[in-house]
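Colleague: Hi! Could you walk me through this one? I'm new to it.
Modeller: Happy to, here it comes.

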Protein chains: 2
Amino acid sequence: MERADPLADFFYPRGVTVIGASANPTKLSYGVLRNLATHGYRGPVYPVNPKGGAMLGLRVYTSVAEVPDPVDLAVIVLSADRTVEALEACGKRGIRAAILIASGFGELGAGGREREEQLREVARRYGMRFIGPNCVGVVDTYAPIDTTFIRTMPTQGSIGFISHSGAVCGGTIDWASAVGVGFSRIFSLGNQADVDAADALESLAADPHTRVAAAYIEGLPQGRRFVEVAARTTPEKPLVVLKAGRTPSGTRAVASHTGALAGAEQVFLAACRAAGAIPVDNLEQLVDASIALAYRRPPKGPRMVILTNAGGPAAVGADALDRLGLQLANLSPETQDRLREVCPRGTMVGNPVDMLGGPMPEHYAAALEVLLAAPEVDGVMVLFVPQAITPPYDVAVAVGQAAETAEKPVVCCIPGGGGIRAAARALHAHSIPHYITPARAAFGLGALWRYRAIRERGPSTFADLPALADPPAQVQEVVEAARAVGQEVLDPQAGAELAAAYGLPVPPSGLASTPDEAAALAERLGFPVALKRVAPGLVHKSDAGGVALGLEDGRAVREAFARMVGPGEKGFVQRMAPSGLEVIVGAQRDPQFGPLVMFGLGGVYVEVFRDVAFRLAPLSEAEAREMIEETAAGRLLAGVRGQPPGDIDAVVDVLVRLGRLMAEMDEVAEVDLNPLIVGPAGKGAWAVDVRVVLG
Amino acid sequence: MERADPLADFFYPRGVTVIGASANPTKLSYGVLRNLATHGYRGPVYPVNPKGGAMLGLRVYTSVAEVPDPVDLAVIVLSADRTVEALEACGKRGIRAAILIASGFGELGAGGREREEQLREVARRYGMRFIGPNCVGVVDTYAPIDTTFIRTMPTQGSIGFISHSGAVCGGTIDWASAVGVGFSRIFSLGNQADVDAADALESLAADPHTRVAAAYIEGLPQGRRFVEVAARTTPEKPLVVLKAGRTPSGTRAVASHTGALAGAEQVFLAACRAAGAIPVDNLEQLVDASIALAYRRPPKGPRMVILTNAGGPAAVGADALDRLGLQLANLSPETQDRLREVCPRGTMVGNPVDMLGGPMPEHYAAALEVLLAAPEVDGVMVLFVPQAITPPYDVAVAVGQAAETAEKPVVCCIPGGGGIRAAARALHAHSIPHYITPARAAFGLGALWRYRAIRERGPSTFADLPALADPPAQVQEVVEAARAVGQEVLDPQAGAELAAAYGLPVPPSGLASTPDEAAALAERLGFPVALKRVAPGLVHKSDAGGVALGLEDGRAVREAFARMVGPGEKGFVQRMAPSGLEVIVGAQRDPQFGPLVMFGLGGVYVEVFRDVAFRLAPLSEAEAREMIEETAAGRLLAGVRGQPPGDIDAVVDVLVRLGRLMAEMDEVAEVDLNPLIVGPAGKGAWAVDVRVVLG
């Protein structure tokens, strides 16, 4: 599934101009020029500065109009107020790609956002793309090209890194250089006024040197498109995402920083599911997962071995593995015998394999070879706590040589600070990810295991559902009729009709204006019936005393109507559904990620347990089934302690149909089926209360 | 509450002998002698080796019997098979404290455990205490004394560190020395065959140089005593605990390592609550929490400020703060004005306070002074991402000088590797904890906040409940009667009587042998009644169809009896309780931590939600109330969506009484009140099914 790189001009320009270049080494613009000139870029570099002259041995042009061909990319290092006109000059000159370094735009509020709109207007007019403003630029270590002012050029590697924040880029490059981790590409996106994280991910998907995409994101202007691009990418390349601004405090921090719209935690996690992305909580985890995915293949199963010279840290590592869904392998007697042959005397050959105080590098290598050959082992965590005798570097080289080409994942934890840098570099040079604590090493294996599950699930159906049909005609009629009478929340009958049009199971029902009409209607629908008062502004009907259940005959209907329904109001009469487990099914729209479907236990339990699952809509049967299984409601439906299982298939059908409704009907803002009554397996489910809010 | 140090002999011996001392520098015993001789210990050191001679300028004695006075401590560095007799020789010589380095004991299984028993037998005979075997010894930086063979002597500080594992000790000292973090004492406990974690904690509690105790624990041979010691210690000194072996895999890793008995996660967390300890999940968190608690006081409130030069990491930090129960402070207009005066132009003076690209050290200092003076601020996270212009060390010194003596907690995150070591040391020298990521800095503030809650709660009632009365006489009768007829699970009537004797609310009930007897009994108790079949081996009665509820008259009772109760069986007749919310209350005994009380939502929900809270028994009213509030059942009892609140006071009373029952009645292994039916507030609760298992 090769796709063209939509941002190729940023990485393979035939020439680059730096607008606002400076000869003052304390200026950012000097750094940009220096990196372009000295970090390997092979095309021509044209500094532009009204003063002219020469810098770093390059002729300085006094305006971009003067710059000779070929030139495909401009790096604009001017203040915010001069950036718009510079972009326009680039457009006139025929340059189609630009990187805008200046801050002073959307992050400052309304005035800055207007300036960003001016940038977009210029770009539209000239058919340009631009990265930034308020960014640090891009790096490609293979092209090679470095448009940033960060002093260190990263080494070549297979991690493609997308960062909203320039500071995070700089910090990450620093750390990576010290321990010998390389990158394929780095994007500092800044305010994403044009090129955004979705574009960057599309570019990484097309880049043959990128094996894993790692993204640090504050806001996603086109969240839905990011998920779609990711869903196409992740079956082939893993994507690890750190999203800042998921909690109330974090959201506030992001808002003051870049004005980006931050989504809620659960919505973000639902988006990651649809995207096949691996969400992480902090920068350590972003790094830990990325290096594991960059250097190793996923394990075939969850059975891990810890090979160690220290029991305590191994126990901490085992706890961490367990929490990530992995387990300690049971080593066979044959494997234990082989280990005894190659390990130091006294080695405990259970799992963890503890070689105690003084193993030599060759012991690590030999034990690792035994474990990698054992069929009961799916992966290995090597743990070496530096002690007096054995140098960490030698252990690293031995581990690296023994495991470099192994199919099974191997990660290595050597705790320590500066003294183990050389060991870390040796491990990375042999494609073994290095960690400084056992818990972080476990996190690396956990990311590989998570990616295996994502790949096993196959391409996300989210992106591949067949094109959606036009909504059924009667649905439009229902919506238009409600609009005509000014309803924003559909009355129960209109809601039931909308639901029925999408094949959602609703008991037969109708509206009545008088007690006699209600009784006659109940006769037609079949007893027993429920009667609900229909009046504008009643939301939680059970709170308002406007519901009568289990009315068995016409007289009961008439009495209830007379008691409950006021003048000018109506009565909603509905055949009673059979009894069953009450669950809640809902749908809403997120401003970033679009329609979502929710499932959980109904009644008061949804409020006390908040045990609900979310998925982006539309969703597949498999996704619907998975979200049911995640919840306590799902465990109840599966049958607990002798109770018969509920009709899970019927719930799956409801979730899928509701997902299609939301995907097709832009007019619908929210739907609540609360409750959906689920009968025993094979007996169906009934949406007895359909609440639809129009947008 | 000064207590004497029970292990003073290990830290202030008047003389030390090293048995098995070696002149070979690759031997551990050489390292021990070297550290005793060169790491500051001021008393005499007596090497013992049958070869005699001299080492490191010290006379070598050929046997411990020859060693002159004064000598209070022996470090025995012999193989396992020679350690027992050496300990005996020390005992004969009048030495009362010993450290046993050799491995080859309990960690190897039954044979090794027997050898440990021999050590204990010798120690008992001579009134000795020993640390180990399979340990690295102890350090006190103030005494000073270092009995380990670890090359680096830690610097003086206020963290007292207890470690089961020698490797964890070594790694921690290495890291701490590099970044300038000091220790008061370090214990490597090994197999804890005599001195255990509880003894070590008692010693740290008495040590005036220790401000915070940090413990890495694999198993607790006397878990209950550890909790008791901790409950006395934590109102004055915080205790941070990392327990390895809490998951199935971790438990296995620990078992193969030291043969220690590891407890389940929930029990451990309940023990931490009773102990007032702060539990952590890995070594990073142990360090992160300990340095915060060592250097700073807890905040008065949750309102934190992030002072930064980079927005992205600040957002990650804000998310992390939020997840730990902290929040971003709302800065007043006055504070914002003062910040504008002292910060660089363009600084965003909301919270995070973002000084953007190029703040100088003096900007950090000035902004910090403003924030520390602001009444709306309870603590500050300073974040500095190193950039081209400002040296991290200068920022560290400025932050340290501005905040060293502040009452409010200040933590500082400067990301990076070897290049920021000097900055980290400068921060620690000024009592500011340093972190390499914002999430870890947030964890430090979170630990301080957590400790504030622990201290606010006051001394744990766990340790301070008044001495327990003898159990009521009728209770003993019930138990003896059941034992006499071979019951291990009490029949429902015996269970109800036991419960009633402790004041637990049980409806009136009795046993009947015939339908007529049952009907007469029901008449006496009052209708309606429930009838339960009583036969050995029936556990989940509702599964077995042996319960009839709501019997309204004598005829109904007779019919139900005849239908359900077989020959030789009995019928348990009980007046029906009023309806209410069904919760589950239970109690059990943990082999490490003793009796526990459990609370959660009853019925099938306990199985699908597993939403239960645990506390060690006995427990106070406050603890009972807290455990109810933690659960979904508690939120339901508090009243949801118009439903009236339940009788929480009655549940509190039940939990406290059940806790006393478990604390007083060693014979009772388990109690289940499933369900406890909770009526509306003021109407009480009813234990309608009391299941008691004898031990």
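Colleague: What is the strand order in the open sheet of chain A?
Modeller: The model is predicted, and in chain A the five strands of that open sheet run 2-1-5-6-7, with parallel pairing. Strands pair if DSSP finds at least two bridges between them; helices (H or I, at least four residues) and strands (E, at least two) are DSSP runs numbered from the N terminus.

Colleague: Which are the edge strands?
Modeller: Strand 2 (45-48) and strand 7 (129-131) of chain A, each of which pairs on one side only. Neighbouring strands in this sheet are turned by 20 degrees against each other on average, direction ignored.

Colleague: And how many bridges join strand 5 and strand 6 of chain A?
Modeller: Four bridges, in the parallel sense, between residues 73-76 and residues 97-100. One of the pairs is A:Ala74 with its bridge partner A:Ala98 in strand 6.

Colleague: Which strands does helix 3 of chain A touch?
Modeller: Helix 3 (residues 80-92) packs on the sheet and touches strand 1 (16-19), strand 5, strand 6 and strand 7 of chain A. Contact means C-beta atoms, placed from the backbone, within 7 Å. The direction of helix 3 makes about 165 degrees with that of strand 5; axes are lines fitted to C-alpha atoms, for helices over the stretch in contact, and angles run from 0 to 180 degrees between N-to-C directions.

Colleague: Now the two chains: what rotation superposes chain A on chain B?
Modeller: A rotation of 180 degrees with 0.0 Å of shift along its axis, giving an RMSD of 0.1 Å. That is the relation of a two-fold axis.

Colleague: How many residues does the contact take from each chain?
Modeller: It takes 67 residues from chain A and 67 residues from chain B.

Colleague: Which element of chain A gives the most to that side?
Modeller: Helix 11 of chain A, with 12 residues. Other elements giving two or more residues include helix 5 (166-179) and helix 24 (632-637) of chain A.

Methods: Residues numbered from 1 in each chain as written. Chains lettered and ligands numbered in written order. Predicted model: local features only at pLDDT ≥ 70, side-chain atom pairs only at ≥ 80, totals over all residues. Contact = placed C-beta atoms within 7 Å. Least-squares fit on C-alpha atoms with pLDDT ≥ 70 in both.
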